[in-house]
Amino acid sequence: MEEELTCKNLNEIQLGQLHITPKEYEKILDIQSAVLNKLSLNDDYEDILQHLCLLTEHLLPNSVASIMLVNKETGFMSVLCAPSIPDSGRKSLENLKPGPGGGSCGNAVFHNKPQYVLNTFKDKRWADLRQVAYDYNLCSCWSMPIVDENNKAVGSFALSSFEHRLPTPFHKKLLETAAFIVNIVLKNKEIENKIQHMLYYDSLTGLHNKTYIDKLLNDTQEHTLLILDINNFSYINNTYGFSVGDALLTNVADIFTAKLQYPKICKLEADRFAIILHADANVEQNVKKIQEYFYTYELLIDSIALNISFSYGAATGSTNLFKHAIISLKHAKTRGRSALYIFDNKEENIFFQKRKEFIEANNILHNALISNNIVPFFQGIRDNSTGEITKFEALARIKTEKEIFSPYFFLKPAHSSGLLPEITKIMIDKTFEIMSHNEYIFSINLTEDDLTRHYILDYLNEKSAKYSINPSRVILEILEGISASGKKNHIQQLNALKEKGYALALDDFGIEYSNFERVLDLDIDFLKIDAKYIKDIDTNPKSYEITKAIAFFAKNANIPCVAEFVHNASVQKIVEDLGIEYSQGYHFSKPSQTLPSP
């Protein structure tokens, strides 16, 4: 049946009277199914189109199939796929201009209609390609336009025969189906290209993105990665608006590519960029070049002149490069504007050990809270006028079966986890219960977190009532930083505590802000001179002079002082010579879970 349909002596009228048989439909459906199945398996597009051409050629003996596309920029056509046409034949069809003499394919695109040429040697539609027809014995050529979503011809699918023949309805349907399949394949390729572009490029600047970096660095070669973070970019966004911020990022991207000529520059999240350099690149020189450019030139965006700077993090290697560069950037940002930090494995091991210790401490703290292992230890405070221990400070400890942990070990994790108020509550409750069995004056530490939560006054009153503790027995030790912060609600809470009868002691005085005026505003009852100055007061003249000044100020303000970290007789003698009223330290009392009998 197939031979009869393709017999060259049938004329166009006879062919028009024929119908597509079910078997022929089945053959077309088989082609469609086979090609779309390869497409669903994400086969290579060139392989899919070649497979399509070969399948259609099989249904028209003595023929070759070809797919041509229009170049959007030039408007000329070239062969995209033609597996059975020799290279010389494909080259002869390069840059074909669509038009009346441009052969079957050129006319199909020019008129956006199918073209069925019976005799290429005589048909005027082949006027510009006559020599090609002679050279390759292309007797007949049928071409179907490939159209886009706007029904515009963007290419052609053609069957060229080595015999003079016209297409049957079956062949026309075959051409139509093949062109439709090519359209699907091209659309999928275009979508995939768009997805690939979205996957590897930043939509705002057009630069490569983080995914591209990961792909590029996923090899065994060494590279140097320099990550830059624009300083105060959030301020620019908030002050001038996001449109200015976006324009700034675009300008910076252009400068890196066009002016500074970095071929491997990527845009990361927010205001960060990354430059991939050779492993032996001089990072300091590259940073200096960038700094000099942005120091010299200001960016003009919507009539707004902006000067910008960066923080720089760099790393060299073949593994964990991005991670190391980000770590370096974090270190750089702690060093101030325009700082550069280059990853150092030895230093990072120290940081890693500290992080490990932090995590370990955090776990111990959480277990202690669950197991009720936070307990008060008491250290005596000596009255230097009588030589007697008259007060005790309650110090938080974590006590397990094997170890006792001091606050130095767990206070930072407690602050980071927001658990300081929980520790304070436990310390108040347990200390008040113990102190309900004696008449000692004692002190409890308060943190800024306690004041921020606004619970402390009610909680102290509740526990004072529960354990019959007179507020006059309680000294609340607050860090100097709290008093100097100037937060109104903190001052109000501390004054309210004073009104209830609680005494206030300013802890670690002299180590932070040394805000003497704030001491008077708060009506402080005691100043505790920081251990930093007391511990070497007998050997360090600077420590001696600072302690002397604090003691002099306190005397004039009529505020008793407590010297912390009194650890030997030499230190104690100087403390007494300076007229400091109280001493606290191992020389007189080591922290203990038990109190002396009253």
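This is a predicted model: local features need pLDDT of at least 70, side-chain atom pairs count only at pLDDT 80 or more; totals for chains, interfaces and linings use all residues.

Biologist: What makes residues 541-557 the helix α23?

Modeller: Helices are DSSP runs of H or I with at least four residues, strands are runs of E with at least two, and both are numbered from the N terminus. Helix α23 has 17 residues. From its first C-alpha to its last, α23 reaches 24 Å, close to the expected 24 Å; the expected span is 1.5 Å times one less than the number of residues.

Biologist: Which residues of α23 are buried, and how do you know on which side they lie?

Modeller: Buried means under 20% relative accessible area, exposed means over 50%, and partly exposed is in between, with a 1.4 Å probe and protein chains only. The buried residues of α23 are Ser543, Thr547, Ile550, Ala551, Phe553 and Ala554. They cover an arc of only 160° around the axis, so they lie on the same side of α23; the arc is taken from the directions from the helix axis to the C-beta atoms. Pro541, Lys542, Phe552 and Asn556 are exposed on the other side of α23.

Biologist: Why is Asn540 called a cap of α23?

Modeller: A side-chain oxygen of Asn540 lies 3.0 Å from the backbone nitrogen of Lys542, at the N-terminal end of α23. A polar contact is a pair of N or O atoms within 3.5 Å; within protein, one must be able to donate a hydrogen and the other to accept it, and residues adjacent in sequence count only if both atoms are side-chain atoms. Ser161 counts as buried, because its relative accessibility is 1%.

Biologist: Why is the contact of Glu393 with Lys528 called a salt bridge?

Modeller: The N to O distance is 2.9 Å, and a salt bridge requires a side-chain nitrogen of Lys or Arg within 4 Å of a carboxyl oxygen of Asp or Glu. Glu393 lies in strand β14 (residues 388-399) and Lys528 in strand β19 (residues 526-529), so the pair ties together parts that are 135 residues apart in sequence. Both residues of this pair are buried.

Biologist: How many salt bridges are there in the whole structure?

Modeller: The search finds 18. Among them, Asp123 pairs with Arg125, the closest N and O atoms being 2.9 Å apart. Asp123 counts as buried, because its relative accessibility is 18%. Asp229, Glu269, Arg272 and Lys333 are linked in a network of salt bridges.

Biologist: What makes the pair of Tyr293 and Phe294 edge-to-face?

Modeller: The structure holds 14 aromatic pairs. The ring centres of Tyr293 and Phe294 are 5.5 Å apart and their planes are at 75°, so the pair is edge-to-face. Rings of Phe, Tyr and Trp (its six-membered ring) pair if their centres lie within 6.5 Å, with planes under 30 degrees apart counted as stacked, over 60 as edge-to-face and the rest as tilted. Tyr293 is buried at 18%, and Phe294 is buried at 3%.

Biologist: How do you know that Lys210 lies over the face of Phe322?

Modeller: Lys210 is at 4.4 Å from the ring centre of Phe322. The criterion is NZ of Lys or CZ of Arg within 6 Å of the ring centre and within 35 degrees of the ring normal. Lys425 lies over the face of Tyr455 at 4.8 Å from the ring centre.

Notes: Residues are numbered from 1 along each chain as its sequence is written. Side-chain values use heavy atoms; hydrogens and water are left out.
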